[in-house]
Amino acid sequence: MSDETGTPAGPQPEPIRFFGTTWVEHDGGYTGRRAAVALGSLTAAAAACFVLRFAYQGLAIADIGRPVTLLVVVMFAVCSALAFRHTWDAFGKRPDPDRQASLRGLLAIGFVGSLLAYFFRSLTEAPGEKLHRDEYDTARVQHTRRTTRRTGNPSRKRRQ
């Protein structure tokens with residue numbers, strides 16, 4: 001059943017960044033998009049590491065001392081690891097908006113980890129596809145259950 005515009009009745013799939021709704025049927029260049037997202041995120045992570053290398057060299061030239069340099073390197077490593085884990089977990093369940101807001105700074109510092117999580121997830125599926133597919137399938141089942149009509153009039157049911 002569909003309405004006047006031709007869109008089917010019921011829940012519609014939520015678009016995923018870079019993929020739109022091609023994740024539903026894996027059509028419309030889905031495989032190419034996955035390859036492009038994987039390559040793009042890996043390239044961006046490599047470029048980010050290159051920029052961070054210049055920052056490290058700037059600290060070395062400034063001669064601010066080993067402890068501060070080590071602290072900056074450890075900070076970027078820890079923030080990247082935490083950002084990777086947070087991004088990876090967000091592909092499987094919706095993150096809490098309040099927690100997301102409180103981690104915004106940490107995720108910005110650890111952006112390399114987020115890019116790497118995007119790369120690794122796009123090797124197997126569109127990032128977030130499993131979450132969106134589960135939600136979409138659940139919504140379709142609920143819609144079908146709500147719209148399925150009973151046969152017959154229950155008030156005319158024969159008493160035994």
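Where does A126 lie? A126 sits in the loop between α5 and α6 (129–147). The model is predicted.

**The loop residue**

A126 has 0% relative accessibility, so this residue counts as buried, the cut-off being under 20%. Leaving aside residues up to four places away in sequence, A126 touches I16, F19, Y30 and R34.

**Helix packing around α1**

Two packed helices are described by the angle between their axes and the distance between the axes. Helix α1 covers residues 30–62 and helix α5 covers residues 111–122. Helix α2 covers residues 66–90.

| Pair | Axes come within | Crossing angle |
|---|---|---|
| α1 and α5 | 8 Å | roughly 155° |
| α1 and α2 | 10 Å | roughly 165° |

Take α1 and α5. Their axes cross at roughly 155°, which makes α1 roughly antiparallel to α5. The crossing is left-handed. On the α1 side, the contact is made by R34, V37, A38, S41, L42, A44, A45, A48, C49 and L52. On the α5 side, F111, V112, L115, L116, Y118, F119 and S122 take part. By class, this contact has 14 nonpolar, 2 polar and 1 charged residues.

Now α1 and α2. The crossing angle is roughly 165°, and the two helices are therefore roughly antiparallel to each other. Here the crossing is right-handed. L52, Y56 and L59 of α1 meet T69, V72, V73 and F76 of α2. This contact has 6 nonpolar residues, 1 polar residue and no charged residues.

Technical notes:
Residues numbered from 1 in each chain as written. Predicted model: local features only at pLDDT ≥ 70, side-chain atom pairs only at ≥ 80, totals over all residues. Heavy atoms only, no water. Axes fitted to C-alpha atoms, helices over the stretch in contact; angles between N-to-C directions. Helix = DSSP H or I, 4+ residues; strand = E, 2+ residues; numbered from the N terminus. Parallel < 35°, antiparallel > 145°, perpendicular 65-115°, else oblique. Left-handed = near helix turned anticlockwise from the far one by under 90°. Contact = heavy atoms within 4.5 Å. Nonpolar A, V, L, I, M, F, W, Y, C, P; charged D, E, K, R; others polar. Buried < 20%, exposed > 50% of the residue type's maximum accessible area, 1.4 Å probe, protein only.
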